[in-house]
Amino acid sequence: MSLLVLDTLTKSFGGLSAVDDLSLAVRAGEIFALIGPNGAGKSTTFNLISGLLAPDRGRIFFDGADITRTPPHSRAHLGVGRTFQLMQPFHDMTVRENVMVGELFGHTVLKSLPAARRDAEEICELVGLGHLLDRGVTALGLADLKRLEIARALATHPRLLLLDEVMAGLTPTEARQAVASIQGIRARGVTILLIDHVMSSVRDLAERVAVLNFGRKIAEGTFETVAHDPAVIEAYLGQDEADGSR
Amino acid sequence: MTGRALVRGGLLLAVLAAVVVLPLWVNRTQPYYLQLSINVLIFATLALSWDILARTGQLSLAHAAFYGLGAYTSVLLTTRAGLPIVAGMAAGAVVAVVAAVLLGVLTLRLRGIYFAIATLAFSETLRVITNQVRFTGAATGLVAPPLLGGHRPSQYLVILTILLALTLVSWWVNRSRWHFAFTAIRANEEVAAVMGVDVVRFKVLAFAISALFAGITGAFYAHVFLFISPLEAYSLAVSVGALVAPIFGGLYTTAGPLVGAVVLRAGEEVLRSTVQRGYPIIYGFLLAAVILYMPGGLAGVWASLLARIPRPARRGARGEPAGS
Amino acid sequence: MLIFGVLRSGLYSLTSVGLALSVGVIGIVNFAHGEFLMLGAFLGYWLFVSYGVDPLAAIPIGAAAIFLLGGAVYQLSIRRVLRAPELNQMLLTFGLSIFLQNLAIILWTGDPRVATVSYKAEALAVGPFTLGVPQLVVFGLAMALTIGLYAVLGGTRVGKAMRAVAQNRLGASLLGIDVDRIYLLAFGLSTALAGIAGMMITLQLSVSPFIGLLYTLKAFAIMVIAGLGNINGVIYASLVLGLSEAFVEFYVPQGGGWAEGVFFFLILVVLLVRPRGLFR
């Protein structure tokens, strides 16, 4: 059963097409990865799915319903959650309060403040931020900021979680922990769609992969299939060559 | 609540009550203080109502617009349509709210400096229109009927009630889930939206509440000072004062704007007697000084002072000194 | 009517191009820009009244003086908020503008002053129109200076350095450009241009402490129309404002008062419809 369906999604910025005729389906309960060279349109796709951008053409379906015109906060209520690549915690609040925002507003049923506080603390414990609950976010290190991003997204109890480059900048140990965490989240019933450049993690996590280049999907399948696809190799190598000749 | 906290709270209330009653008591021999107190309370209401909007990250320069709309609506309705003053004031508040919702919706996509300039343009456009059109009295202004027969002590109680209501609203906003919505929106609208916060609704609501109190205060001002003109009612000085006080006293809090307003207005009185015109120079100076040296305002200074006290029971509101 | 609009736009260009420079290169929107214009105007007035120096001839002196003042203001205050949130920068320059305006009120009172230069009322006949000499001279000079600035930005090393910093601060510093000094120079230059515009105003109109805010807002309007930071579009945007004001003055009854509000209206319209500016 497809939880998320993208149907011929297209988005351009001033003549440059960022996402071009993209169609894909993510099945409930799977971990799906979106990869591709820089500028391939992956972040734009996430912005389209979460509702921060409106597509020029195409539609988005979540659990069968057309959410193309639904505003971002309503999509959160329906169960779409995401993290951000450039971590942007709410700077005037503590760790606990950051997560509470999600608990307070991420559901259709309103939670009381004490209940939200309790649930937020629980989630923080889960991702390993339990000891930092009262800390102001400006003092957090990279790995903890990423944990906070995930905690905030989890606070809205998503059914689909969009993970935006969570592996970037992590040490191999931290990356292994992150992979385990993500698998744990999936085990609780959350479908995961992730963007990443760290191929080892993508290989460990993803059941299916789609490759984007210049906004178009050029391959889809298991990691192994895609890794051996000549079009994919060329897309990446082409980028490397272009980088190398500079 | 500990016994100590109760005693502290009780003392604070007693002091406040005394301060509030004092001008009334002294009025027999020194009516000046009652007049001054009314001015201070008007200023405090403007400051706190501005702050509520600021909590969503919308730093408006249009506060005077709602003040002026409240004033003009009430005066026009009471003089031309014969409505009682209470109705006039209520109508003033309503008109201000409608204008705020309009402005709020129009400026939804504008950020930072763009938003500020747009709100300034809105306020000044209103001033120019009011100044040109005969219906609103043009540059000569309008005369207003007196509130409660001009009885200053009663008027004082009216503005006090308005301020009290606003203080309760502000206090409640900061203690409820709204605080989380406002602060999240202020920090990052997109992330807030993605986490389920209805950004549009909260931004417009903040605008409406802010304008409601600015509008009713404007109407109050009109019926106390009995004369309004575009130059005063829509004056940039009103908008400036409304923003300097919270910045000076401590943004996004209930006490900050109030303390800032009282201190500033009292200081202004002192200055006004020494420097006739140009006394707003102190606002400019303070604004620059606060930005450069005291970004948290008085509240920030107070919090860092509290943090220095080496008792383990003393913590800032969130376990960390503000501004650290 | 067209001519009036065009002539006026010359002065507007000069006023705004300085602000655009400050926004584009340094990234700070200087609310106090108009106060430097006002100070330049007072300086021009004082030089004329005390020493009989024609404001136009005094421009080099005025420019230098305001440049130094601007530089000092930058060093003492602006420099410290460059890394702070935009809100703080805005409030700082706003506070600065209130401070300067009221300082002028205290020192020189709020009364407007007029400098009557000998050729103030002279007019020139150009084709079917009679144009005031001061207006023509000011227009010519203002346009020359504006174009001169473009030349400086395009041709000189300092100008190119400024453009580099405007585009990419980090990249420019990696290339060895002393970004702090460029900021200082750009700010000084921007205030000097405002000061020069102020001295030109002494020639035509009355001088009072309140003109600062008015010109700051008009410069804002022009920048918003051109697109914030778009230095090149300023001339066209100034034309838009100049012509609109002239249009309203001539064709709308009681136009004088309404024209005062034209730029506000333009700001609102542009910001709501095309926030990135019309001339990007």
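This is a predicted model: local features need pLDDT of at least 70, side-chain atom pairs count only at pLDDT 80 or more; totals for chains, interfaces and linings use all residues.
Good morning. I begin in chain B, where B:R127 and B:E124 are both buried. These two residues form a salt bridge through their side chains, with an N to O distance of 2.7 Å. Both belong to helix α5 of chain B, which covers residues 112–132. They stand 3 residues apart, or about one turn of the helix.

A second pair in chain B is B:R55 with B:D51. Their side chains also meet in a salt bridge, here at 2.8 Å from N to O. As for accessibility, B:R55 and B:D51 are each buried.

Let me turn to chain A. Here A:D164 and A:R82 make a salt bridge, and their closest N and O atoms are 3.2 Å apart. Which parts of chain A does this pair tie together? A:D164 lies in strand β7, residues 160–164, whereas A:R82 lies in strand β6, residues 80–82, so the bridge links parts that are 82 residues apart in sequence. Are A:D164 and A:R82 buried or exposed? Both residues are buried.

A network of salt bridges links four residues: A:E30, A:R208, A:K217 and A:E220.

Finally, how many salt bridges are there over all chains? The count comes to 22. Among them are the bridge between B:R127 and B:E124 within helix α5, and the one between A:D164 in strand β7 and A:R82 in strand β6. Thank you for your attention.

Methods. Residues are numbered from 1 along each chain as its sequence is written. Chains are lettered from A and ligands numbered from 1 in the order in which they are written. Side-chain values use heavy atoms; hydrogens and water are left out. Helices (H or I, at least four residues) and strands (E, at least two) are DSSP runs, numbered from the N terminus. Buried means under 20% relative accessible area, exposed over 50%, partly exposed in between (1.4 Å probe, protein chains only).
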